[in-house]
Amino acid sequence: MKSNIFKFFISLALVVNLLCIPVKAADMAAWNVHYYSGAPSPVSEQSDYLSVTYYGAGFVAKATSLSGSYNRYIEIYGRNGTTLSLSTNGASYVNITQVNILTPYFETNYIQPTGSNPAISDFTAFGHGLQSCVSTGWIYINSPSVYNS
């Protein structure tokens, strides 16, 4: 009996320990925005937050789906101290109005979070539209492998 109780507490400690491991940013992050004007929050998520490992050569993004009102679009901008600069015109945000088209690359500033995590760039993908905007897509480091896939 004591052995089973001991095993239970050891298992519980391992599970709690695994849940407390910090999540590292990756080379890619995906968004899922589903905005419906006037709908309650669990149904309508107008923005999604993404974290990608900082990359000195910048990032690219692509919407894999985009539907909704005739005037729908996705706007990507930095958050948590990340500033964004579009390569073509220096804008501080990226607008996406079409699917399956790679954006021009955009650069961010270097942010080193506290702790042992790598430097990260934080983004918000925000859905705009008079009535609705539903979209999925991703931000990826600006690497030739992106252009070949």
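Leaving aside neighbours within four places in sequence, which residues is Leu 86 in contact with? Some notes to get you started.

1. First, the ground rules. This is a predicted model, where local features need pLDDT of at least 70 and side-chain atom pairs count only at pLDDT 80 or more, while totals for chains, interfaces and linings use all residues. Residues are numbered from 1 along each chain as its sequence is written, and side-chain values use heavy atoms, with hydrogens and water left out.

2. The protein chain has two helices and nine strands (DSSP runs numbered from the N terminus: H or I of at least four residues for helices, E of at least two for strands). From the N terminus on, the order is α-β-β-β-β-β-β-β-β-β-α.

3. Now back to Leu 86, which sits in strand S5 (residues 84-86). Those partners are Ala 91, Tyr 93, Val 94, Pro 104, Tyr 105 and Phe 106 (contact means heavy atoms within 4.5 Å). Leu 86 counts as buried because its relative accessibility is 11%; the cut-offs are under 20% for buried, over 50% for exposed and partly exposed in between, with a 1.4 Å probe and protein chains only.

4. Then there's an open sheet: four strands in the order S2-S8-S4-S6, with antiparallel pairing (two strands pair if DSSP finds at least two bridges between them). Strands S2 (47-53) and S6 (94-96) are at the edges with a single partner strand each, so one side of each has no neighbour in the sheet.

5. Have a look at S2 and S8 (residues 120-128) too: they run antiparallel and are joined by seven bridges. Leu 50 has Phe 123 as its bridge partner in S8.
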